[in-house]
Amino acid sequence: MKHTTQLPDRRRVLDRNGAATAAPPPARIVTPRRLASQQWAAWAFLAPVTLYLALFYAYPLYRNIDLSLRDYTVRSFVRGDAPFTGLANYRTVFDDPTFAPALLHTVVFTAVCLVFQYAIGLALAVFFNQHFRLSATLRALFLVPWLLPLIVSASTWSWMLNSESGIVNATLHAVGIGPVNWLTSPSWSLASVIIANVWIGVPFNLVVLYSGLQSIPTSLYEAAALDGANAWHRFWRITLPLLRPVSAITLLLGLVYTLKVFDIIWIMTKGGPADSSTTFATWSYQLGFGNLLPAFGPGAAVGNLLVVAALVFGLVHIRVQRKQALS
């Protein structure tokens, strides 16, 4: 009696030359049960992030919109029976005499801070990209303003810019310049908070732009140098164009951060004197919490204007990025 060994079934096909080759394995069949389990696993991974966004972003935004559309007082805020007023709070904000100065200060504060933070951060990033001795140590020291709590930074600048005992006026007096009322003069208060915010924001721009410079191949600079391009031409023709995507996200994040700056201005000047350094962020706080009779509705309306401004710039950034990707 013969015993035969059953070999595994390996199906073979003939190629164009007639040689036998192994056939590809059959496609894996996905059953409905397996597909459902995969979907449940995906939802399980998304659940924590979705819950976090809903609790800390979506719900506060909804409550802020609801505040701006109702006539809330302290009593109605506790009882939850504030009457619906529509856009009345927004009309109140637009008709307020503080609206125009606060809008101007917000635009000036944001634009000047962005320009100087980006320019100084880019200059420092290019400088540290030379990889000289102590480069890493100096980069770490430049991160100190970014790591300090904002209340510490703002308090330090308040002491430095103090009209009577500040180190800045003491230095100016040593070189023969009279004292400047940095924090108490309407002409200098906005400039003072801009200087402090630029000092705090430069390290962020330095870190992001420096990382962008690290991704640019050095062979491009070497080839440009061989072609006779000097350092200035290499910067304008290589560095800036290749750094454009990183620069765009840096400016967008800086814009969103600068629009909502409150701590520095409030600690240093409280928006004064005479509203000379009031921005939408400080004005919203003053309306909602800075008075004995808080105006919750108008305060929330001002805050929503900041949200809309940040959203508009974010959408513009996304549209520009898509056009660049398509081109």
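## Close-up views of a predicted model

**View 1. Helices α4 and α9 are oblique to each other.** The model is predicted. Two packed helices are described by the angle between their axes and the distance between the axes. Here the axes of α4 (residues 99-128) and α9 (residues 189-214) come within 6 Å. They cross at roughly 40°. An angle of 65 to 115 degrees would count as roughly perpendicular, and one under 35 degrees as roughly parallel. The α4 and α9 pair is therefore oblique. The crossing of α4 and α9 is right-handed. Their contact residues divide into 21 nonpolar and six polar, with no charged residue.

**View 2. Helix α12 runs roughly antiparallel to helix α15.** The axes of α12 (residues 244-259) and α15 (residues 296-326) come within 10 Å and cross at roughly 175°. Angles over 145 degrees count as roughly antiparallel, so α12 and α15 are assigned to that class. On α12, the contact is made by Arg244, Ala248, Ile249, Leu252, Leu255, Val256 and Leu259. On α15, the contact is made by Leu306, Ala309, Ala310, Phe313, Gly314, His317, Gln321 and Gln324. By class, the contact residues of α12 and α15 comprise 10 nonpolar, four polar and one charged.

View 3. Ser277 sits in the loop between α13 (263-268) and α14 (280-289). The Ser277 side chain reaches the backbone oxygen of Gly272 at 2.8 Å. Leaving aside neighbours within four places in sequence, Ser277 is in contact with His105, Ser189, Leu190, Ile265, Thr269, Gly271, Gly272 and Thr282.

**View 4. Trp182 is buried, in the loop between α8 and α9.** Helix α8 spans 167-174. The relative accessible area of Trp182 is 11%. The cut-off for buried is under 20%, so Trp182 counts as buried. The side chain of Trp182 makes a polar contact with the side chain of Asn169, at 3.1 Å. Not counting residues up to four places away in sequence, Trp182 touches Leu161, Ser163, Val168, Asn169, Leu172, Trp188, Ser189, Ser192 and Ile195.

**View 5. Trp182 and Thr106 are 19 Å apart in space.** That distance runs from C-alpha to C-alpha. In sequence, Trp182 and Thr106 are 76 residues apart.

Conventions:
Residues are numbered from 1 along each chain as its sequence is written. This is a predicted model: local features need pLDDT of at least 70, side-chain atom pairs count only at pLDDT 80 or more; totals for chains, interfaces and linings use all residues. Side-chain values use heavy atoms; hydrogens and water are left out. Axes are lines fitted to C-alpha atoms, for helices over the stretch in contact, and angles run from 0 to 180 degrees between N-to-C directions. Helices (H or I, at least four residues) and strands (E, at least two) are DSSP runs, numbered from the N terminus. A crossing is left-handed if the near helix is turned anticlockwise from the far one by less than a right angle, and right-handed if clockwise. Ala, Val, Leu, Ile, Met, Phe, Trp, Tyr, Cys and Pro count as nonpolar, Asp, Glu, Lys and Arg as charged, and the others, Gly among them, as polar. A polar contact is a pair of N or O atoms within 3.5 Å; within protein, one must be able to donate a hydrogen and the other to accept it, and residues adjacent in sequence count only if both atoms are side-chain atoms. Contact means heavy atoms within 4.5 Å. Buried means under 20% relative accessible area, exposed over 50%, partly exposed in between (1.4 Å probe, protein chains only).
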